[in-house]
Amino acid sequence: MKRHLALAAVTALASAFAATAGDVVGTITLKGTPPKEKDITPLKEDPNCGKLHTAMPTTKFYVVGAKGELADVVVSLEGISGKSTGASAKPVVMDQKNCIYVPQILAVQTGQKLVVKNSDPVLHNVHSVPTVAGNPEDNKAQMPGGADLTFSFPKAEEFIKFKCDVHPWMFAWVSVFDHPYFAVSGADGTFKIANVPPGKYTLKANHRKAGVVTQEIEVKDGAPTTVALSLDAK
Amino acid sequence: MDLAEKGSRPLHWFAFLTAAATLVLLGIGGLVTSHGAGMAVPDWPTTYGYNMFFFPFSYWMGGIFYEHSHRLVATLVGVLVVALTRWLGGRPSRLPLAIIGGLELLAGLALGALGPNWRGAGHFLAGIGGVVLLAAAVWARNAPAPRPLPLLGWVAFFGVQIQGLLGGLRVVLFQDEIGIFHATLAQLFFLLLCLVVLLTSRWWRTLAAALSTVGGGPSSRLSWWMLAATALILFQLMIGATMRHQHAGLAIPDFPLAYGKLWPAMDADSVAAYNQQRLEVTALNPITAFQIGLQMTHRLVALLILVAVGVCAAKAWRLARRSGRAQGAVATNRPVQSLARISLVWFDLILVQALLGAATIWSNKAADLATAHVIFGALSLALGGIVTVISFKLPAPAQAGLPVLEPGGRQGWNATANAMSQPFSSRPLPSGAASHTS
Ligand SMILES: [Cu+2]
């Protein structure tokens, strides 16, 4: 009897949030020891940007927790397209802080606005370098205290490079999907893709350095799907 | 020294100044790519919205410093070249300069009136037109320099403007390919100015005068060797420019081996592995199999150039020794000896250049070494062009003994030898010359 009640409660709860859709939640861990991050010496030595750092800044190729929780993994469902909510989706924000992009790994939908801020007392140029046809290259100036810049991409493409040519160590990667079913793993290695229509999918986890891993999943009506993925350090 | 001679001295030095400024410009251009700063100023011809001459110095930070300096020095070189064109072309160049300058000024103003998007480019063009008009306004009644110098002046005149346009388009059109062309044209442009320096020199005029009484013979095989080696250097510079403008860093991180092998694996899986193993501090493009192949080609062509220029130097020294022997103790064949000496400098330059190439790899493409590699590349090409032009001017070896028609006379090689002052031939041929040829 108790069990039935509990089940009913879970079902009621789940259906309260999403009647016909489920969340895909999971964790990503890194196996093996990643290479040591590199010092960004040119940043520390830059007369303008160096002042903003007390310690030597380092690269962030592998952002890993104590138990191997891996951040900055772009997780997405494969085989879905044409579902982008485009410009109506809430804009994603990337900031330039202490002459580093924050965050460094982002994901947006096609047509969705990517707003780039400059919180630094120095000027930057924001230079996007897509490679897929239809996504135009762009390069915009941004003075200290300058207005926010807006970028958007019409075509799906993973890891579009953003860089600042004034400060050659500054770079970020933006993945573009033509659907809303993606997420970027956080510092605790977890991710959540919300409101996935029921069905069978291939879940793809893509990390700049550790590479790609995929897993077949089935999203069932009203129940969250839990996944655990692992990537190998290269 | 007649009057014409007197007047050409300052011209020679002005040409030298222009060539030197161009080498500086080329070096800064090398710094721009070495620091990946080609796009550090997103707009052109304005700089972050400012007129480029009024861009506040406090903003000259990071990559902007290189890119903005490049633009300013380029403007200076442009002005120098326009003045050089006017000087080389003499009074007859005033009319065409006035027409071109006037057209550019009008076109610039019209472009500026089209709207705010065109204002920058319009003002830029109008500014060029103004400088050209100023050159046309110079009323000096100087005679044109001897042929083909006025023509070379006009080639430089259009070359420098095309270069400026290409440099600007590379920024606003996002085309790395334009950068490759821009860099290659820069090398040829520097070579052109070096040839103007050579042809305006007293050394060259004396040689030409002497040969006009003797008659320059058909060229030797050496000339063709030199031409081929110079062409090979140009090809090598094009490969280099391509490698630089793909902004992929070192496609192969080790030397003399390549990824630990004599010939690296270039299949897709291997290339993907190379890319994933790279932890670059700066934002570099991923490397491709094409780039690995390109760098291997660059290494092989370097070897070919070393051999080719070595052969040129050896042949030039053998020629100098043979003609020296034919003339006995009287060093009547100074030009041949000068050629031998310059060829040796050329070979040394190539050796330094090869070492700089290796050092660029060993230092993981340190910006200063990579830039020095660009500058020495330009010097190698220019010197190759100079020895080629000189060697084609000289009589063939069979005739090398001929010029002593009037030993002790005022004409011919003896006079030439005396007048052959000093740039390359002030010292006697070292006795160890033979060791260079073996
Ligand atoms: Cu920046």
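At 0% relative accessibility, Cys49(A) counts as buried. Let's start from there. Keep in mind that this is a predicted model.

What does Cys49(A) pair with? Cys49(A) forms a disulfide with Cys99(A). Their sulfur atoms sit 2.0 Å apart. For anyone new to the term, a disulfide is a covalent bond between the sulfur atoms of two cysteines. The angle about the S-S bond is -65°, and the link of Cys49(A) and Cys99(A) is left-handed.

Now, what does the pair tie together? Cys49(A) lies in the loop between helix 2 (41-45) and strand 2 (74-78) of chain A. Cys99(A) lies in the loop between strand 3 (92-97) and strand 4 (100-102) of chain A. So the pair ties together parts that are 50 residues apart in sequence. Cys99(A) is also buried, at 0% relative accessibility.

How many disulfides are there over all chains? A search of the whole structure finds 1.

Next, some other cysteines. Cys164(A) is buried, with a relative accessible area of 1%. Over in chain B, Cys312(B) is buried at 0% relative accessibility. The cut-off for a disulfide is 2.5 Å between the sulfur atoms.

Last stop, helix 8 of chain B. This helix covers residues 221-245, which is 25 residues. From first C-alpha to last, helix 8 of chain B reaches 36 Å. That is close to the 36 Å expected at 1.5 Å a residue. Just after helix 8 of chain B comes His247(B), with a positive phi of about 50°.

Terms used: Residues numbered from 1 in each chain as written. Chains lettered and ligands numbered in written order. Predicted model: local features only at pLDDT ≥ 70, side-chain atom pairs only at ≥ 80, totals over all residues. Heavy atoms only, no water. Helix = DSSP H or I, 4+ residues; strand = E, 2+ residues; numbered from the N terminus. Buried < 20%, exposed > 50% of the residue type's maximum accessible area, 1.4 Å probe, protein only. Expected span 1.5 Å × (residues − 1).
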